[in-house]
Amino acid sequence: MPVYKYPMPLASEITSHSDYLNRRTFLTGIAGATGLAMTPFLGEGSAHAALKAGKSEFSTDAKPTSRQDITTYNNFYEFGTSKSDPAANAGTLTTRPWTIEVDGMVNNPGTLDIDDLLTKFPLEERIYRFRCVEAWSMVIPWVGIPLSALLNKFDVQGSAKYVAFETLVRPEEMPQQRSLFPPLEWPYVEGLRLDEAMHPLTIMAVGLYGDILPNQNGAPARLVVPWKYGFKSIKSVVKMTLTESEPPTSWNKAAAREYGFYSNVNPQVDHPRWSQATERKIGAGLFASRVDTLMLNGYADQVGSLYSGMDLKKFY
Ligand code: MTE
């Protein structure tokens with residue numbers, strides 16, 4: 001049994017998925033008959049709203065972690081620092097309307113609307129291994145869009161070298177943004193080198209387990225970079241800025257000795273306070289043995305060449 005506490009399930013979580021889908025089909029019928037758009041029914045972090053997505057060739061064959069574990073064992077410091085806080089507190093987040101601003105070194109700065117992301121881009125199911133810097137791991141069936149497809153809409157300038165990402169600041173909905181002693185500086189910020197951002201493995205996730213993204217997992221859109229420690233996968237993104245210099249990142253600002261810009265999963269480079277050689281699989285049970293962590297979280301064949309010639313102990 002996992003050692004953490006589960007919050008009470010929401011009523012919407014108790015509804016069976018098939019009942020939900022039947023209801024959705026019914027609603028779609030009404031929408032079709034009356035000419036109403038379906039979009040409002042997708043919003044607000046409702047627990048089950050089916051997203052159609054073909055399984056991507058980039059998916060691992062590993063068995064996904066349960067939906068229950070993926071949605072109740074989270075890090076989302078805007079909603080609290082314990083693993084059960086995001087599921088308990090993130091219901092307050094409103095995710096409509098929602099836009100992601102894209103600016104900086106692009107020829108066509110502008111915004112992406114979340115409902116366009118859900119309806120105008122091809123969605124793919126990407127079953128990815130996820131390795132947290134705290135030495136635990138999951139396998140998560142994301143639904144997302146390659147980040148390159150989004151960035152290419154804005155015509156990135158040739159001299160751009162990095163992408164800076166920013167999370168929403170909305171203290172009235174995010175309790176730790178009202179705290180006198182916040183665990184991090186807000187907004188939560190992250191960054192990628194442009195070639196990392198454009199790599200086909202990097203996605204903007206808008207769903208998981210075939211449904212829209214639950215709030216606690218970073219609704220309505222969060223980055224997923226599967227070969228890096230989980231904290232690089234910034235949640236509830238509102239802004240992407242193309243830059244020439246390396247952008248600041250939240251965990252590097254909080255503890256530079258412990259968290260570098262790259263934060264590639266690397267079993268040979270220990271965190272100053274613990275080993276990164278093995279990981280605990282969430283959901284495997286208390287007595288399951290730890291498993292070896294793979295170089296670049298198992299994605300070395302695909303992304304190893306991005307770092308050829310770099311000293312990964314120095315650029316951790
Ligand atoms: N994004 C924001 N805005 N705030 C956060 O606290 N936590 C990060 C990352 N993205 C975080 C965030 C960390 S430490 C991890 S491990 C992952 O989100 C957790 O993602 P999950 O809860 O969907 O598994």
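How many bridges pair β8 with strand β10 (residues 222-224), and in which sense? The two strands pair in the antiparallel sense over three bridges, where pairing requires that DSSP finds at least two bridges between two strands. Strands here are DSSP runs of E with at least two residues, numbered from the N terminus.

The model is predicted, so local features need pLDDT of at least 70 and side-chain atom pairs count only at pLDDT 80 or more, while totals for chains, interfaces and linings use all residues. Residues are numbered from 1 along each chain as its sequence is written, and side-chain values use heavy atoms, with hydrogens and water left out.

Strand β8 covers residues 203-208, and six of its six residues are buried. Buried means under 20% relative accessible area (1.4 Å probe, protein chains only). The pairings of β8 are listed below.

| Partner of β8 | Sense | Bridges |
|---|---|---|
| β5 | antiparallel | five bridges |
| β9 (residues 211-212) | antiparallel | two bridges |
| β10 (residues 222-224) | antiparallel | three bridges |

Individual residue pairs can be named for each of these partners. Trp 142 has Leu 208 of β8 as its bridge partner. Leu 208 in turn has Asp 211 of β9 as a bridge partner. Ile 203 stands opposite Val 224 in β10. The hairpin of β8 and β9 has two residues between the strands, and Tyr 209 takes a positive phi near 50° there.

**The open sheet**

An open sheet of five strands has the order β3-β2-β11-β6-β7, with mixed pairing. Its edge strands, β3 (110-113) and β7 (189-193), each pair on one side only. From one strand to the next, the twist averages 20°; axes are lines fitted to C-alpha atoms, and angles run from 0 to 180 degrees between N-to-C directions. Within this order, β6 (residues 162-167) and β11 (residues 237-243) run antiparallel and are joined by six bridges. Phe 165 has Met 240 in β11 as its bridge partner.

**The nonpolar core**

A nonpolar core is a set of buried Ala, Val, Leu, Ile, Met, Phe, Trp, Tyr and Cys residues joined through side-chain atoms within 4.5 Å. The largest one has 79 residues, and Leu 117, Trp 142, Met 240 and Leu 242 touch the most other members. Strand β5 (residues 136-146) gives the most to this core, with six residues.

Leu 117 touches residues including Ile 100, Ile 145, Met 204 and Val 206, leaving aside residues up to four places away in sequence. Contact here means heavy atoms within 4.5 Å.

Technical notes:
Buried < 20%, exposed > 50% of the residue type's maximum accessible area, 1.4 Å probe, protein only. Helix = DSSP H or I, 4+ residues; strand = E, 2+ residues; numbered from the N terminus.
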